[in-house]
Amino acid sequence: MRTIETKKEYTAIINRIEELLILVDNTTPTTDKNFIELDLLSDLVADYEEVSDPIKAPTLVEAMKLRMYERGLNQKRLSELLGVSTSRVSEYLTGKSEPPLKIAREISQKLDIDPMIVLGI
C-alpha cells in the first residue's frame, strides 16, 4: 500500500479529506465512492502522523498539574492527600525531585494517573 512521503502530499490529502467530509456523513453507505476514498485517505494520514509526529505520553509533572486543575487542588491540598510537605510537592511539580515509590503509588491512585506515566515508562 502507498504511504505519504512528503509534507506537501500530506497537506494535499488533508485538503481532500476536508472536501470529502462535506460529502460524507453518518448516513453515507460504506459502498459510496466518497466514503471509500475518505476511509483510505484517513488511514494514510493516520499512518503518516504516527511516524512523523507521534503523540507522546505526558510527563508526570504535566499529568499532576492537569489532575490538580481538573480537581481544583492546590499544592497544600495535594500535599495533604499524599501525606508529604508542600515543599516536597513543589519539588515534584517543578521536576527538581522525583517521588519515591510509595509516594508514586499514592499519586497514581489518588490522582488517577496511569502508573506507567508516574514511573516514567
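User: What does I107 touch, once residues up to four places away in sequence are not counted?

Analyst: In this predicted model, where local features need pLDDT of at least 70, side-chain atom pairs count only at pLDDT 80 or more, and totals for chains, interfaces and linings use all residues, I107 is in contact (heavy atoms within 4.5 Å) with L60, M64, L82, P99, D112, I113 and V118. Residues are numbered from 1 along each chain as its sequence is written, and side-chain values use heavy atoms, with hydrogens and water left out.

User: Which residues have the most contacts inside the largest nonpolar core?

Analyst: They are M64, L78, I107, L111 and I113, in a core of 18 residues, a nonpolar core being a set of buried Ala, Val, Leu, Ile, Met, Phe, Trp, Tyr and Cys residues joined through side-chain atoms within 4.5 Å. Two or more residues each come from α3 (60–71), α4, α5 (86–94), α6 and α7. Another core, of eleven residues including Y10, L44, V45 and Y48, lies apart from it.

User: Why does S108 count as buried?

Analyst: Its relative accessibility is 13%, and buried means under 20% relative accessible area with a 1.4 Å probe, protein chains only, so S108 counts as buried. S108 is found in helix α6, helices being DSSP runs of H or I with at least four residues, numbered from the N terminus, and touches I113, D114, P115 and V118, again not counting residues up to four places away in sequence.

User: What makes α4 roughly perpendicular to α6?

Analyst: The axes of α4 (residues 75–82) and α6 (residues 101–111) come within 10 Å and cross at roughly 110°; since 65 to 115 degrees counts as roughly perpendicular, α4 is therefore roughly perpendicular to α6. Across this contact, L78, L81 and L82 in α4 meet I103, E106, I107, K110 and L111 in α6, and these residues divide into six nonpolar, no polar and two charged.

User: At what angle do the axes of α1 and α2 cross, and how close do they come?

Analyst: Helix α1 (residues 7–23) and helix α2 (residues 33–52) have axes that come within 9 Å and cross at roughly 145°. The residues of their contact divide into twelve nonpolar, two polar and four charged, among them Y10 in α1 and Y48 in α2.

Key. Axes are lines fitted to C-alpha atoms, for helices over the stretch in contact, and angles run from 0 to 180 degrees between N-to-C directions. Angles under 35 degrees count as roughly parallel, over 145 as roughly antiparallel, 65 to 115 as roughly perpendicular and the rest as oblique. Ala, Val, Leu, Ile, Met, Phe, Trp, Tyr, Cys and Pro count as nonpolar, Asp, Glu, Lys and Arg as charged, and the others, Gly among them, as polar. Buried means under 20% relative accessible area, exposed over 50%, partly exposed in between (1.4 Å probe, protein chains only).
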